[in-house]
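Here is a short report on one protein chain. Keep the 3D view open and follow the residues as they come up.

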Amino acid sequence: MSKKRPGGESLPSAPSTATGPSPDHEVPAATPAPDPKRWWALAVIALAQLMVILDGTVVNIALPSAQRALGMSDADRQWVITAYTLAFGGLLLLGGRIADLVGRKRTFVIGLAGFAAASALGGAAAGPGMLFAARALQGAFAAVLAPSALSLLATTFTDPKERARAFGVYGALAGGGSAVGLIVGGLLTEYLNWRWSLYVNVPIALAALLGAPAFLRDRSGRRSGHLDVPGALLGCGGLVALVYGFSEAEPRGWSSPSVLTPLVAGVVLLAAFVWWQSRAASPLLPLRIVRDRVRAGSLATMGLATIGMFGVFLFLTYYLQVVLGYPPVRTGLAFVPISAGIVIGATQIAARLLPRTAPRTLMSSGMVLAAAGMVLLSSLAVHTQYVTHVLPALLLLGLGMGLTFMPVYATATAGVPAQDAGVASAVLNTVQQMGASLGTVLLNTIATSATGRYLHSHVRGPDADGATLDQGMVHGFSVAYRCSAGVLLLAALVAGLTVWHRTPKHAGHDASA
């Protein structure tokens with residue numbers, strides 16, 4: 001027996017207490033027995049998730065040192081970040097389908113091993129090209145690892161309260177990993193060297209590899225079919241073209257053919273991707289996954305949240321190091337409050353409230369809190385004190401991210417059949433990664449353009465002094481923060497209008513269980 005939720009997707013009913021068959025002669029599916037090693041499995045999955053998310057920002061603080069050591073140009077240095085996020089976001093759907101076809105535990109192990117090897121290659125880079133290639137390889141293996149990790153988590157925890165706790169930990173890592181990356185990057189850069197911001201992944205991956213065979217259990221999914229290669233090419237090509245076009249907007253201008261051509265190509269390729277998915281025999285992204293209104297609303301909330309949030313790490317890093325003169329370690333430690341806020345928001349507030357609170361309430365409240373934090377950051381000046389302005393903003397941002405990410409992860413993966421668990425998880429990760437990529441390049445374009453306009457109107461001679469340059473930089477950041485606040489408020493509105501149901505009682509069940 002099943003019941004319908006808004007959006008039309010069937011959810012498993014609670015097991016019947018009757019001793020005989022139901023009146024219509026259907027026997028309800030039994031609740032699967034909990035995995036006795038499930039909490040150890042969570043530890044292994046959490047290690048892998050921390051490594052993947054951490055690597056999106058761990059090289060940020062190390063980037064100036066790497067640039068000097070490898071003779072990297074200012075124009076090329078962005079590719080240390082973008083090569084990772086592009087490969088990660090562009091290949092996630094393919095990685096999710098591989099997990100469904102090959103097996104989630106197997107792809108988890110392959111992703112871990114490949115990520116460790118790519119990290120070692122990047123740490124040993126002899127030139128910029130080798131580093132860019134290693135970062136792209138990291139992103140590719142992360143695209144295999146992340147969906148299998150999330151789908152393993154979704155099928156391991158079936159009890160509503162335990163599921164909420166598990167997703168609370170996962171949501172805390174998803175939001176806090178970026179801030180932790182900045183802290184770790186600062187410590188490694190100052191006390192060792194920039195190469196250890198990549199080498200650090202090797203022991204983490206090895207620890208997870210040792211635990212995976214003992215504690216992870218893969219439930220049955222689809223083991224037949226074939227990979228949708230045309231879909232992979234269209235989807236990946238469209239996402240990469242969009243991000244590249246946005247990244248070229250600031251240096252070349254929005255009207256440049258070098259900007260318009262990839263943007264138009266990206267839209268066309270993604271439209272072709274959707275058309276193909278509706279006709280392919282084994283689609284990379286079964287459209288039934290995103291047609292559900294609640295799931296689509298959760299995905300849109302995640303996308304808007306990451307667009308609005310991830311610019312804060314880049315801008316605040318430069319504000320603390322360049323404007324306030326913080327050393328790398330102090331810069332990294334300055335982000336501790338946002339990590340603490342995320343952990344508290346996800347594990348102590350959202351995880352406790354989700355079993356009895358509508359997910360949209362938590363998501364919308366979290367985005368409003370985060371928007372308030374962005375407004376505080378928009379008031380920063382050249383000589384602002386950390387304790388009075390930056391610290392309260394980071395606490396609000398952290399609580400907002402924790403309250404939002406945890407219910408998004410739980411809701412977007414609820415009620416998905418076992419054969420689609422990997423690709424559903426991949427969709428969510430894709431939205432997060434592409435939101436981070438697009439948000440970073442868009443907000444960086446906004447900030448840089450605002451800084452240029454400020455300097456043009458305030459500099460009278462051929463050169464600007466250091467104080468004026470700092471003021472221009474802070475002005476650009478303030479404009480970008482205000483735009484981020486608007487995006488986060490839009491995310492709150494989307495969540496409030498679309499995620500109209502409570503978390504299903506048996507959301508973690510496999511369709512095959």
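## Gln138 and its polar contacts

This is a predicted model. Start with Gln138. Its side chain makes a polar contact with the side chain of Ser119, at 2.7 Å. A second polar contact, of 3.1 Å, joins the side chains of Gln138 and Arg135.

Gln138 sits in helix H5, which covers residues 128-156. Is Gln138 buried or exposed? The relative accessible area of Gln138 is 0%. Buried means under 20%, so Gln138 counts as buried. Leaving out residues up to four places away in sequence, Gln138 touches Asp55, Tyr84, Phe115, Ala118, Ser119, Leu198 and Asn201.

## The chain as a whole

The chain has 20 helices and two strands. Of its 513 residues, 56% count as buried. How far apart in sequence are the residues that meet? Take the contacts between residues at least 6 apart in sequence: 84% of them join residues at least 24 apart.

## Nonpolar cores

In soluble globular proteins, nonpolar side chains tend to be buried together. Which residues have the most contacts inside the largest nonpolar core here? They are Phe108, Leu153, Leu316, Tyr319, Met374, Leu377 and Leu397. This core has 105 residues. Its largest share comes from helix H18 (residues 386-412), which supplies 13 residues.

Leu153 is worth a look on screen. Not counting residues up to four places away in sequence, Leu153 touches Leu42, Ile45, Ala166, Phe167 and Tyr170. Another core lies apart from the largest one and has 15 residues. Among them are Leu54, Val59, Leu63 and Met72.

## The second largest pocket

The second largest pocket holds about 470 Å³ of space. It is lined by 22 residues. Those closest to its centre are Leu239, Val427, Thr430, Val431 and Met434. Which helices each supply at least two lining residues? They are helix H9 (229-247), helix H11 (257-277), helix H13 (293-309) and helix H19 (421-458). By class, the lining has 18 nonpolar, four polar and no charged residues.

Now turn to Thr306. Thr306 is found in helix H13, one of the helices that supply the pocket lining. Its relative accessible area is 0%, so Thr306 is buried. A polar atom of the Thr306 side chain lies 3.0 Å from the backbone oxygen of Gly303. Leaving aside neighbours within four places in sequence, Thr306 is in contact with Phe405, Val431, Gln432, Gly435 and Ala436. Val431 also belongs to the residues closest to the pocket centre.

## The second largest cavity

How many cavities of 30 Å³ or more does the structure hold? There are three. The second largest cavity has a volume of about 50 Å³. It is lined by 13 residues, and those closest to its centre are Gly90, Leu93, Gly235, Cys236 and Leu284. Helix H3 (79-102) and H9 are the elements that give two or more residues to this lining. The lining divides into eight nonpolar, five polar and no charged residues.

Phe273 lies in helix H11. Its relative accessibility is 6%, so Phe273 counts as buried. Leaving aside neighbours within four places in sequence, Phe273 is in contact with Leu93, Gly231, Leu234, Gly235, Leu284 and Leu285. Among these contacts, Leu93, Gly235 and Leu284 are also listed as closest to the centre of the second largest cavity. Phe273 and Ala232 are 41 residues apart in sequence, with their C-alpha atoms 8.4 Å apart in space.

Leu91 lies in helix H3. Its relative accessible area is 26%, so Leu91 is partly exposed. Leu91 and Cys236 are 145 residues apart in sequence, yet 6.1 Å apart in space, C-alpha to C-alpha. Leaving aside neighbours within four places in sequence, Leu91 is in contact with Ala140, Ala143 and Cys236. Cys236 is also listed among the residues closest to the centre of the second largest cavity.

Technical notes: Residues numbered from 1 in each chain as written. Predicted model: local features only at pLDDT ≥ 70, side-chain atom pairs only at ≥ 80, totals over all residues. Heavy atoms only, no water. Helix = DSSP H or I, 4+ residues; strand = E, 2+ residues; numbered from the N terminus. Buried < 20%, exposed > 50% of the residue type's maximum accessible area, 1.4 Å probe, protein only. Polar contact = N/O pair within 3.5 Å; in protein donor to acceptor, adjacent residues only side chain to side chain. Contact = heavy atoms within 4.5 Å. Core = buried A, V, L, I, M, F, W, Y, C linked by side-chain atoms within 4.5 Å. 1 Å grid on protein atoms, 1.4 Å probe; cavity = no way out; pocket = protein on both sides within 12 Å on 5 of 7 lines; lining within 4 Å. Points joined across faces, edges and corners; volume = space filled by probe spheres on them. Nonpolar A, V, L, I, M, F, W, Y, C, P; charged D, E, K, R; others polar.
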